[in-house]
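Hi there,

Here is the structure I promised to pass on. Have a look at it first, and then read on for what turned up.

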Amino acid sequence: MLRYLVRRLLFAVALVVVVSSGALILARLAPGDFATASIGLDARPETVAASRARAGLDRSLVAQYASWLGGALRFDFGRSLAYDRPVRDLIPERAANTALLAVTALLLATAIGVPLGVMTGTRHGHWLSRIMEAASLVLLSMPPLLTSLFLVFLAARTGWLPVGGMKSAAAGAGLAGLIDRLQHMVVPVLALALPLGALLERLQAQAMREVVGRPFVLAAIARGVPRTRLVWRDVLKAAIGPMLSTYGLVVGTALSGSFIVEIVTSWPGLGRLTFDALRARDVYLVAGCAATGAVFLAAATLLADVALAWADPRTTD
């Protein structure tokens, strides 16, 4: 188990380095730069050159990357060109907002998707199972962009929930502020949780169908084991492995979906910050945001691998 964890940790570190490095290099190679984006294409050439020199954009890509990588190894991801602040000072608050959104959506999706998958997987052909399967297929066919736009439209037409943002301007502190924050979370959390819950339901239902026909299940039925106990203890334990093995990908889907949802719902998270950094051609902030997203993905994948190894120790071989 220790060797397995060390291998997964090394993979997580490599993932963060590759993703952040790729983001910096691609942002640097794209047409234009921060100087032209901030002062415009019509500026005088000497003005653009001076702006590039101040931002360090006049150096070669190799020199710029080597300097950034040396700082990143010391957890110094450079200075944001757009905000004129260290990247590591800008990211924590936005990353916490994204983590709050993604973790809440994942918990809700898991709490809904897995039990429904158990039900539809063991009651194949039942009318309720058919309804749930159809609903899951509809939600899976809708990308997070459409889901969030639909929920924002619904909230705007009904007035039941806030349309965007993380809190109201007049929100106070204490209990009233907490309730206001929870109300603002409903639309973005549902926009993420509904497609993820449908995905988990489909994965869990398929795994349950494969396990139900195994000899140990038929033998337990023959011994008179109660159906509820058999399904929720024995069958679910044997069928949870395939779902856990893909949970890291589910987390990646949640993170990528949260970026779109944050932009649509004006949620001040990492996705919104990444979008603003890309629009401003802020290469260091882009790399820092990509590194943070990779850390989230690597941590979630590692936790999923540990849970899978606990459920099925053979996976550590």
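Where is the place of Arg281? Arg281 sits in the loop between helix H12 (270-280) and helix H13 (283-311); helices here are DSSP runs of H or I with at least four residues, strands are runs of E with at least two, and both are numbered from the N terminus.

A bit of background before the rest. This is a predicted model, in which local features need pLDDT of at least 70 and side-chain atom pairs count only at pLDDT 80 or more, while totals for chains, interfaces and linings use all residues. Residues are numbered from 1 along each chain as its sequence is written, and side-chain values use heavy atoms, with hydrogens and water left out.

On confidence: pLDDT is the predictor's confidence in each residue, from 0 to 100. Its mean over the protein is 79, with 89% of residues at 70 or more. Helix H2 (residues 34-39) has the lowest confidence, a mean of 70, and helix H5 (residues 87-122) has the highest, at 86.

Now the overall picture. You'll find 13 helices and zero strands. The protein has 317 residues, and 41% of them count as buried, meaning under 20% relative accessible area; exposed is over 50%, and partly exposed lies in between (1.4 Å probe, protein chains only). Take contacts (heavy atoms within 4.5 Å) between residues at least 6 apart in sequence: 75% of those join residues at least 24 apart. The protein exposes about 16,900 Å², with carbon and sulfur atoms supplying 69% of it; these areas come from the Shrake-Rupley method with a 1.4 Å probe, and for residues only the protein chains shown count as cover.

Back to Arg281. Its phi is near 60 degrees, a positive value in a residue other than glycine. Asp84 has a positive phi as well, near 55 degrees, and lies in the loop between helix H4 (61-72) and H5. Buried or exposed? Arg281 is buried because its relative accessible area is 14%, whereas Asp84, at 52%, is exposed.

Last, the surface. Leu145, Leu146, Leu149 and Ile260 form a nonpolar patch with about 320 Å² of accessible area together. Patches are made of residues with over 30% relative accessible area and no salt bridge, with like charges joined within 9 Å and nonpolar side chains (Val, Leu, Ile, Met, Phe, Trp, Tyr) within 5 Å. A salt bridge is a side-chain nitrogen of Lys or Arg within 4 Å of a carboxyl oxygen of Asp or Glu. Helix H7 (residues 144-158) gives the patch its largest share, three residues. Leu145 is in helix H7 and counts as partly exposed because its relative accessibility is 40%.

Cheers
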